[in-house]
Structures are given as C-alpha cells and as structure tokens.
Amino acid sequence: MIGRESQEDNNLFYTCSLIEYISRKTKNTRVTVVNKLGEKRIGKILDLADVYHCDNIERVSEDFIEDACIEEGMFDNVAECRYAIPSYWDIGKVYKRLIKRVAEEEENPSYIFECFKEQKML
C-alpha cells in the first residue's frame with residue numbers, strides 16, 4: 001500500500017475518473033462510454049492506471065477516444081447544471097466507492113452460495 005489507499009483502489013479511482021472525463025468531453029452518457037471502451041480497454045486502463053495517471057488526462061483521454069471511435073454525443077449534463085458541479089475526480093471517487101460497495105455485497109461467499117441454491121442471481 002502506497003499512501004492512504006491501496007494501489008488497486010487508486011487504479012479504480014483513476015479508471016472511474018477517466019471514464020467521467022471522457023463522458024464529459026464527448027458529451028456521452030457514462031454507459032455509452034463504458035460500452036464503447038469495452039471490457040478489454042477498461043481492463044487496460046485499470047491495469048496501467050498508475051502509468052496513465054502520470055500523464056495529462058487530456059492526452060490520455062484523446063488516445064482512448066480515438067482508439068474506441070467515440071463520437072460526440074448530445075448528453076451535456078455539465079452545461080445544463082445550475083449549480084457548481086463536482087469535478088471528474090470527485091465523481092471518480094464516488095463511482096470507486098460505489099463499485100467497491102457493490103462488489104462487497106455481491107461477491108461475498110454467502111451471497112454466491114444463496115444464488116447457487118436459488119439457481120439465479122438474487
């Protein structure tokens with residue numbers, strides 16, 4: 001562990017923040033960006049987040065926007081806000097916490113066992 005959080009948590013935070021940044025930049029919903037990036041690219045971001053974090057997020061985002069062919073959308077929740085909006089870093093923190101919380105709930109052994117018994121996701 002380096003700093004206050006684990007490297008894994010820092011990588012998840014950066015990945016979530018980059019997705020938020022790309023969403024705002026391309027005026028797409030987060031789900032659109034996640035789907036366009038796909039599992040392989042998101043895995044790459046997560047694995048190399050400590051490296052990407054050393055670079056300018058603008059440049060990193062451009063590379064992924066181009067590679068995933070993410071076109072400009074029409075979803076601009078930033079422009080429509082009438083109050084001070086949280087930064088993409090702030091939103092990244094929120095999504096990191098949410099992902100960790102969901103993973104704790106859904107991936108614990110008792111949950112998996114109950115799903116197995118019921119033969120479906122609960």
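## Helix α2

In this predicted model, helix α2 covers residues 30-47, and although it holds 18 residues, its end C-alpha atoms lie only 20 Å apart. A straight helix would reach 26 Å at 1.5 Å a residue, and α2 falls short of that. The helix also bends, by about 95 degrees, and the bend is at glycine 38.

## Buried side of α2

Which residues of α2 are buried? They are Val33, Leu37, Ile42 and Ile45. An α-helix has 3.6 residues a turn, so residues three or four places apart point the same way.

## Positive phi in two loops

Most residues other than glycine have a negative phi. Lysine 27 is not a glycine, yet its phi is positive, about 55 degrees. Lysine 27 sits in the loop between α1 and α2. Is lysine 27 buried, exposed or partly exposed? With a relative accessible area of 27%, lysine 27 is partly exposed.

Cysteine 69, also a residue other than glycine, has a positive phi near 55 degrees. Its place is in the loop between α4 and α5, the latter spanning residues 88-106. Cysteine 69 has a relative accessibility of 51%. Because the cut-off for exposed is over 50%, cysteine 69 counts as exposed.

Technical notes: Residues numbered from 1 in each chain as written. Predicted model: local features only at pLDDT ≥ 70, side-chain atom pairs only at ≥ 80, totals over all residues. Heavy atoms only, no water. Helix = DSSP H or I, 4+ residues; strand = E, 2+ residues; numbered from the N terminus. Expected span 1.5 Å × (residues − 1). Bend = angle between axes of the 7 residues up to and from the residue. Buried < 20%, exposed > 50% of the residue type's maximum accessible area, 1.4 Å probe, protein only.
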